[in-house]
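Dear colleague,

Please find below the structure that I am handing over to you. My notes on it follow.

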Amino acid sequence: MDFTQIVPAMPALWEGMLLTLKMLVLAVSGGVALGTVLALMRLSSNPLLSGLAKTYVNYFRSIPLLLVITWFYLAVPMLLNWITGTFVSVGAFTSCLVAFMMFEAAYYCEIVRAGIQSIPRGQLHAAYAVGMTYGQAMRLIILPQAFRKMMPLLLQQSVILFQDTSLVYAVGLMDFLNTARSKGDIVGLPHEFLIFAGAVYFVISFGASTLVKRLQKRLAV
Amino acid sequence: MNYNWDWNVFFKSTGIGSEIYLDWFISGLGWTIAVALVAWIVALIIGSILGVMRTLPNKAAASFAAGYVELFRNVPLLVQLFVWYFLVPDYLPEQTQIWFKQELAPTTSAYISVVVCLALFTAARVCEQVRTGIQALPKGQSAAALAVGFNQAQMYRHVLLPQAFRIIIPPLTSEFLNIFKNSSVASLIGLMELLAQTKQTAEFTANMFEAFTLATIIYFVLNMSLMGLMSWVERKVRVPGMMGGAK
């Protein structure tokens with residue numbers, strides 16, 4: 001085992017890590033936003049809206065993430081082509097990002113829904129009583145409290161997503177893991193680079209999970 | 001942009017013997033089930049042992065299991081798969097190495113790696129569920145078992161585990177479903193399971209949407225059937241008059 005060869009590869013590995021982190025941040029923001037909309041739809045009294053959201057969630061929760069990534073990689077350019085009528089090149093990053101956002105939204109939706117449902121109904125009634133509309137009540141009263149409660153779960157789900165971003169390997173995107181794999185093959189030390197990549201993922205995920213647990217204890221009432 | 005929808009594509013010949021594309025999906029589904037079921041059984045056994053270890057008074061056993069869980073939960077599945085497929089075989093004893101790399105069919109060695117990977121990965125999750133189940137039982141259960149003269153092994157076998165497993169059926173169900181979905185990573189090391197066959201069909205026929213739609217339906221139906229199976233198990237083993245819909 002010779003780990004010294006990893007040092008010269010650091011700049012490339014850092015580039016890979018940046019791509020991984022960029023994907024993570026964008027996918028979490030998009031996923032939480034879409035997930036919140038879906039959660040509000042699921043809780044709506046309109047059967048069409050709630051049925052639609054329920055189907056969306058069940059659909060994405062019963063198929064593998066890897067299938068979504070592979071499918072979107074092939075389908076997103078084609079769909080855009082249909083819609084716009086012209087050929088647009090999309091690139092693996094965008095199609096993976098869309099796949100992660102839409103897939104994770106199903107999971108975030110369930111977390112947000114549970115969070116909203118844990119807020120006493122009196123809060124909503126009180127908001128209506130002081131003359132707020134549904135939108136205002138959600139935005140100013142319910143969601144801020146719900147998000148505070150579910151922050152640990154949302155973060156834990158994001159740690160899982162951080163690990164799952166490595167699946168972009170399937171479409172050849174140069175994220176952290178894929179960079180480490182290809183660098184390792186080039187210098188002929190695939191094992192060392194793989195162990196290093198695994199160790200980096202471990203340290204980040206373990207550190208983040210530990211922080212989330214601490215946060216959970218602090219937020220616990 | 002023209003796309004030729006053709007739902008009959010699955011009944012067309014692949015050009016290899018008398019195979020039709022549907023055969024590819026059936027064989028892919030077979031591999032997916034073969035990977036997931038075997039890995040699940042191993043994961044249940046290892047996970048249960050680890051889960052029991054975490055609740056033992058023995059500090060060494062408990063911290064070994066805790067370390068195992070942290071390690072396997074915080075490294076991405078794909079990294080673990082590469083470790084089992086590319087790295088570990090190089091450190092096997094020479095005879096085993098030759099057998100694994102040369103004498104086994106490539107499909108078989110990929111299959112073994114995926115099963116080992118998914119089994120150990122899922123064992124960490126099963127361990128946490130088993131531990132939660134045991135810890136959820138009232139203290140009086142273990143105290144009563146010891147009071148009637150059971151030793152520790154008897155206490156786990158006759159009192160704690162039969163109750164703990166019943167409590168954790170719902171979370172175990174979702175791990176059971178996950179192992180089927182996670183088995184799709186096998187496509188990345190060349191095992192022709194459902195996702196790999198879908199990709200191949202999409203590439204061979206240019207009927208991408210049909211291929212992925214069929215795969216989605218298969219996964220969906222698989223999920224629903226497994227969920228149905230597990231809730232049947234749950235009803236079967238339920239102790240009358242106890243938690244969860246006492247009837």
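Is the crossing of H6(B) and H7(B) left-handed or right-handed? The crossing of these two helices, H6(B) and H7(B), is right-handed (left-handed would have the near helix turned anticlockwise from the far one by less than a right angle, right-handed clockwise).

Before the details, two remarks on conventions. Residues are numbered from 1 along each chain as its sequence is written, while chains are lettered from A and ligands numbered from 1 in the order in which they are written. This is a predicted model, in which local features need pLDDT of at least 70 and side-chain atom pairs count only at pLDDT 80 or more, whereas totals for chains, interfaces and linings use all residues.

Overall composition

Chain A comes to 8 helices and 0 strands, and chain B has 10 helices and 0 strands (both are DSSP runs numbered from the N terminus, helices being H or I of at least four residues and strands E of at least two). The C-alpha trace of chain A spans about 70 × 50 × 25 Å along its principal axes; for chain B the corresponding spans are about 75 × 55 × 30 Å.

Helix packing within chain B

Helix H6 (residues 139-147) and helix H7 (residues 152-167) of chain B pack at an angle of about 160°, with their axes 10 Å apart (axes are lines fitted to C-alpha atoms, for helices over the stretch in contact, and angles run from 0 to 180 degrees between N-to-C directions). That makes H6(B) roughly antiparallel to H7(B) (angles over 145 degrees count as roughly antiparallel, under 35 as roughly parallel, 65 to 115 as roughly perpendicular and the rest as oblique). In H6(B), B:Gln141, B:Ser142, B:Ala145 and B:Leu146 meet B:Met155, B:Val159, B:Leu160 and B:Gln163 of H7(B) (residues are in contact if their C-beta atoms, placed from the backbone, lie within 7 Å). These residues divide into 5 nonpolar, 3 polar and no charged (Ala, Val, Leu, Ile, Met, Phe, Trp, Tyr, Cys and Pro count as nonpolar, Asp, Glu, Lys and Arg as charged, and the others, Gly among them, as polar).

Helix H1 (residues 21-55) of chain B packs on H9(B) at an angle of about 160°, their axes being 7 Å apart. H1(B) and H9(B) are therefore roughly antiparallel, and their crossing is right-handed. The contact involves residues including B:Trp24 and B:Phe25 of H1(B) and B:Gln197 and B:Gln200 of H9(B). By class, it has 6 nonpolar, 7 polar and no charged residues.

Between the chains

In total, 27 residues of chain A are in contact with 26 residues of chain B. On the side of chain A that touches chain B, helix H3 (65-84) and helix H8 (190-219) each supply at least two residues, and the largest share, 10 residues, comes from H8(A). The residues of that side divide into 18 nonpolar, 9 polar and no charged.

H9(B), residues 194-205, also takes part in a contact with chain A: the axes of H3(A) and H9(B) come within 11 Å and cross at roughly 10°. The two helices, H3(A) and H9(B), are therefore roughly parallel to each other. Here A:Leu66, A:Leu67, A:Thr70 and A:Leu74 meet B:Leu195, B:Lys199 and B:Ala202, a set of 5 nonpolar, 1 polar and 1 charged residues.

A kinked helix

H4(A) has a kink of about 30° centred on A:Ala105 (the bend at a residue is the angle between axes fitted to the seven residues ending there and the seven starting there).

Yours sincerely

Methods
Contact = placed C-beta atoms within 7 Å.
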